[in-house]
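These are my notebook entries on a protein model, written down in the order in which I looked things up.

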Amino acid sequence: MVTSSNVPRLVVAAPSSGSGKTTVATGLMAAFAERGLAVSPHKAGPDYIDPGYHALATGRPGRNLDAFMCGPELVAPLFAHGAAGCDLAVVEGVMGLYDGAAGRGELASTAQVAKLLRAPVVLVVDASSQSRSVAALVHGFASFDPQVRLGGVILNKVGSDRHEVMLREALEEAGMPVLGVLRRAPQVATPSRHLGLVPVAERRGDALAAVAALAAQVREGCDLDALMALARTAPALDCEPWSPVGALTGTRGSAALSAPGRPPAASAVAAPGPGGAAPGGRPVVAVAGGAAFTFSYAEHAELLTAAGADVVTFDPLRDEALPEGAAGLVIGGGFPEVYAPELSANEPLRAAVAAFAAAGGPVAAECAGLLYLARSLDGKPMCGVLDADARMSERLTLGYREAVAVSDSALAPAGTRLRGHEFHRTVIEPGAGAAPAWGFTHPERRVEGFVRGGVHASYLHTHWAAEPSVALRFVEAAAAVRP
């Protein structure tokens, strides 16, 4: 059923990375939330870290809109799902406004997302080293693609009153509204390291203070009323909102589909798993969380729940046992290299994970999860599920990938095609097992990852909304586990 989403919306973009998109987007989210508005936070691209700050600012899950991994056709439905019932949606862009997947034109760019959402764009410009030239820069971005509607500019890192006057005069001459001016404010800078900002889960108290400071900075420097008025100019978005149950409808084994709290059909659930769910009950899927495993997409837990599982979070840094009744493990991305000594010191949990995998329990591990399942990470013992060792590297591996499943697994049958994303500064040796997880077909050809028993472990980050059968197959595997 196609419905109209009339949620006011803005896309916050920039000419390049480092211009202040996250500062402005997070500050806007927090400032509008302080006004009592329900603000829906979104992030273009595959980034996991910025949405954590968005969630702090709004009290709602930060959601990604990735046209490469999920396809352009899912951008609007996923947006409508996340923004349902909200007063305003703010979408933070990725890189520069027109930067997308390498060699694919506008695909996965902020500009493409803005066009798919029919949303006005606010351009955040680092004005620290320019004056009148800002008008030429903004004119170029406004005219490059006539289908992208640039509604105004927020000037960042402005040095003085005189500097502000020169910038405003230049943009007035160019006919571009100035919707905000932010001065240099190092006190609200957010610490970074080798893969970007430090995640919220690692510095929650400081992150809360930083978000509050960003809200104050934006509140003082931006015309919130004008920005809200611009957001309200976005026309109705006619699409069917994505839903986890709807996404799974018609998928093989769909008798298992259920709403949260409602058990799946008895025919979809087998005998108890380790610690196990009773026949006809919902298998427990344990999802790693805490400071070391912060990377996840909100839709994954929603799909697992819709497929018939009870999703429970555990912290490998603190918990010495898996959640009671765990019949499936999802260990996503994060920064295990930062916490290798602490993860290694938790021997009871490492042993429990190894025993679970040895018993054939389904385990889905991405990136950080891959490292945690290895024999060692930077010389520290890990779970030993995989005959491989991992270490930090000087080389950054980054980019979108097109992949095909090489081996049958708890996630997908061989031959399944998915798009994903790699982002890490570690290497694992060997890079693939006797039964690899994926074969990459673009931009390079190689095999990667491990399938062993119920374990699927890989560097590749995927978005299950693109292939919902992954969640259903995993829940079916969890339901079928024997002690």
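I began with His-300, which touches Thr-462, His-463 and Trp-464 when residues up to four places away in sequence are not counted; a contact here means heavy atoms within 4.5 Å. His-300 is found in helix H10, and I took helices (H or I, at least four residues) and strands (E, at least two) as DSSP runs numbered from the N terminus. With a relative accessible area of 11%, His-300 is buried, where buried means under 20% relative accessible area, exposed over 50% and partly exposed in between, with a 1.4 Å probe and protein chains only.

Before going on I noted the ground rules: this is a predicted model, in which local features need pLDDT of at least 70 and side-chain atom pairs count only at pLDDT 80 or more, while totals for chains, interfaces and linings use all residues. Residues are numbered from 1 along each chain as its sequence is written, and side-chain values use heavy atoms, with hydrogens and water left out.

I then looked up confidence, for which pLDDT is the predictor's own figure for each residue, from 0 to 100. The mean pLDDT of the protein is 91, and 88% of its residues reach 70 or more. Residues 252-256 stay under 50, and the model has 16 contacts for them beyond four places in sequence. Over residues 259-279 the pLDDT is also below 50, and this stretch has 48 contacts in the model beyond near neighbours in sequence.

For the fold as a whole, I recorded 14 helices and 24 strands. Of the 483 residues, 57% are buried, and among contacts between residues at least 6 apart in sequence, 75% join residues at least 24 apart.

Next I asked which residues line the largest cavity. They are Ala-365, Glu-366, Leu-411, Leu-418, Trp-438, His-456, Ser-458, Leu-460, Thr-462, Trp-464 and Val-470. A cavity is a set of points on a 1 Å grid over the protein atoms alone where a 1.4 Å probe fits but cannot get out, a pocket is an open set with protein on both sides within 12 Å along at least five of seven lines, and lining residues have an atom within 4 Å of a point. The largest cavity holds about 60 Å³ of space, a volume being the space filled by probe spheres set on grid points that are joined across faces, edges and corners. Strand E15 (363-366) and strand E23 (455-458) each supply at least two residues of its lining.

The second largest pocket has about 880 Å³ of space. Of the 40 residues that line this pocket, Thr-294, Phe-295, Ser-296, Tyr-297 and Ala-298 are the closest to its centre. Among the elements that give two or more residues to the lining of the second largest pocket are helix H2 (49-58), helix H10 (298-306) and strand E15.

I also checked helix H4 (residues 110-117), which is largely enclosed by the rest of the structure because six of its eight residues are buried. The buried ones are Thr-110, Ala-111, Gln-112, Val-113, Ala-114 and Leu-117. Just after H4, Arg-118 takes a positive phi of about 55 degrees.

My last entry concerns Arg-318, in the loop between E13 and E14, which counts as exposed at 69% relative accessibility. Arg-318 and Leu-343 are 25 residues apart in sequence and 8.7 Å apart in space, C-alpha to C-alpha.
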